[in-house]
Amino acid sequence: MFKSFFPSPRYFFISVVIWLALNMVLWYTGGDHWGEYLGFPHGYADAELPIGVSRFWSPAFLWFYLWFLVSTTLFAGFWKIISNNPWQRWSIWGSAFILFNIWFSVQVDVVINAWYQPFYNLIQKMVSSGGGEVAQLYTEMLTFIYIAMVYVTIGVINLFFVSHYIFRWRTAMNEFYTQYWAKLRLIEGASQRVQEDTMRFAKTSESLGVSFIEAIMTLIAFLPILLQLSSHIKVLPVVGEIPHALMIAAIGWAVLGTVILMLVGYKLPGLEFNNQKVEAAYRKELVYGEDYSDRADPITLKELFSKVRLNYFRLYFHYAYFNLVRIWYLQLDNLYGIFILAPSIAAGVVTLGVMMQILNVFQQVRKSFQYLITSWPTIIELLSIYKRLKAFESTLHK
């Protein structure tokens with residue numbers, strides 16, 4: 001699954017974590033200012049960033065682009081020397097490109113969040129003071145359109161690239177398995193695992209990986225903003241006045257939901273795995289029945305299909321209460337932000353712009369902490385695919 005596409009997967013992923021950690025430590029301990037040694041304007045890293053598309057070619061952003069390119073080149077060069085995996089241009093440079101696009105998308109979210117406060121404060125000012133210049137509203141809306149155009153363009157480019165990335169990963173797995181087809185063809189459901197599971201594994205792994213990295217980057221970008229905005233909110237409903245109220249409210253709610261969903265959904269991965277096993281057995285008998293008249297008789301098919309039906313009914317039951325809890329949580333989550341801000345709104349201590357900005361940041365942070373909640377059905381699917389391919393590969397290890 002992994003060694004066909006990534007060079008020495010175990011050591012590769014360890015090196016990725018170490019390299020990312022090292023770069024983050026260097027960046028946040030002064031590396032963001034090092035561009036001054038290369039001629040970037042003095043104090044560029046501490047300068048206030050503009051609210052608009054010009055932010056993306058400001059000196060601070062240009063220095064990060066250069067840093068990321070050099071860092072990726074060094075990492076790719078290291079693995080080029082010690083490994084000869086034919087797919088590592090895609091697995092390393094392709095992964096780096098996807099990682100950069102995720103970071104860039106998060107930065108677009110940050111600038112949109114910064115746009116909320118002046119825009120909605122302008123609306124509040126006009127409504128409360130009897131009006132104002134409509135051109136100011138149009139100018140602010142045009143700023144948002146420019147930012148949105150950048151966001152959409154990067155998103156479309158990333159989707160196109162990710163499609164090719166997934167197919168390359170599937171191709172690598174396909175070539176690896178077909179090399180050993182003489183051994184693997186004797187395993188039940190071998191054709192399905194090579195043809196279908198490889199595609200689903202690559203697609204699902206990439207989707208979950210991107211979501212996870214996006215959640216981490218969102219937290220890195222928005223937690224400091226949420227901490228700063230916590231100065232406006234001192235009191236929480238029921239709890240009362242506490243320090244860092246917004247941080248505690250966001251993290252507590254997300255952790256509560258994650259624990260609950262893990263408890264109610266822990267049986268689902270095994271049931272999904274069993275479901276694929278009984279489906280494969282039923283399909284295999286039908287395929288044999290196309291070539292041999294003594295196979296796929298009604299009694300055998302009825303017995304095999306009864307196992308399919310039993311497992312599906314068990315899945316329906318367990319998914320029923322799992323989805324009930326999950327959907328209720330997500331519905332309550334829609335009101336949670338307003339609920340947390342209710343005492344401050346009633347006390348009149350926040351403006352409309354600040355409220356909208358807080359709600360947006362609060363939502364971004366909660367969504368990141370709720371990664372397991374929103375991704376749990378996909379994680380279940382991936383675990384079942386992984387179990388099938390792992391059992392498939394165990395034949396080669398033997």
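1. Helices (H or I, at least four residues) and strands (E, at least two) are taken here as DSSP runs, numbered from the N terminus. By that count Leu-315 has its place in helix H9, residues 298-347. The model is predicted: local features need pLDDT of at least 70, side-chain atom pairs count only at pLDDT 80 or more, and totals for chains, interfaces and linings use all residues. Residues are numbered from 1 along each chain as its sequence is written, and side-chain values use heavy atoms, with hydrogens and water left out.

2. Overall make-up. The protein chain holds eleven helices and two strands. Read from the N terminus, the order of elements is α-α-α-α-α-α-β-β-α-α-α-α-α. Along its principal axes the C-alpha trace spans about 85 × 55 × 40 Å.

3. Of the 398 residues in the protein chain, 44% are buried, where buried means under 20% relative accessible area, exposed over 50%, and partly exposed in between (1.4 Å probe, protein chains only). A contact means heavy atoms within 4.5 Å. Among contacts between residues at least 6 apart in sequence, 79% join residues at least 24 apart.

4. Surface and charge. The accessible surface of the protein chain is about 22,200 Å², and 66% of this belongs to carbon and sulfur atoms; the areas come from the Shrake-Rupley method with a 1.4 Å probe, and for residues only the protein chains shown count as cover. There are 30 positive and 25 negative side chains, with the centres of the two sets 9 Å apart. Lys and Arg count as positive and Asp and Glu as negative, while His and the chain ends are not counted. Each charge is placed at NZ of Lys, CZ of Arg, CG of Asp or CD of Glu.

5. Leu-315. This H9 residue counts as buried because its relative accessibility is 4%. Leaving aside residues up to four places away in sequence, Leu-315 touches Leu-268, Leu-271, Glu-272 and Asn-275. Leu-315 and Gly-39 are 276 residues apart in sequence, and their C-alpha atoms are 62 Å apart.

6. Gln-357. Helix H10 contains Gln-357, which counts as buried because its relative accessibility is 8%.

7. Met-262. This residue lies in helix H7, residues 245-264. Its relative accessibility is 39%, so Met-262 counts as partly exposed.

8. Ser-8 is in the segment before helix H1 (9-28), and His-244 is in the loop between strand E2 (240-241) and H7. Ser-8 is partly exposed because its relative accessible area is 40%; His-244 also counts as partly exposed, because its relative accessibility is 47%.

9. Second largest pocket. About 600 Å³ of space lies in this pocket. Its lining has 23 residues, with Ile-102, Tyr-151, Val-210, Ser-211 and Glu-214 nearest the centre. H3 (88-128), H4 (134-179), H6 (190-229), H10 (352-369) and H11 (371-397) each supply at least two lining residues; H6 gives the largest share, seven. On a 1 Å grid over the protein atoms alone, a pocket is an open set of points where a 1.4 Å probe fits, with protein on both sides within 12 Å along at least five of seven lines; lining residues have an atom within 4 Å of a point. Grid points are joined across faces, edges and corners, and the volume is the space filled by probe spheres set on them.
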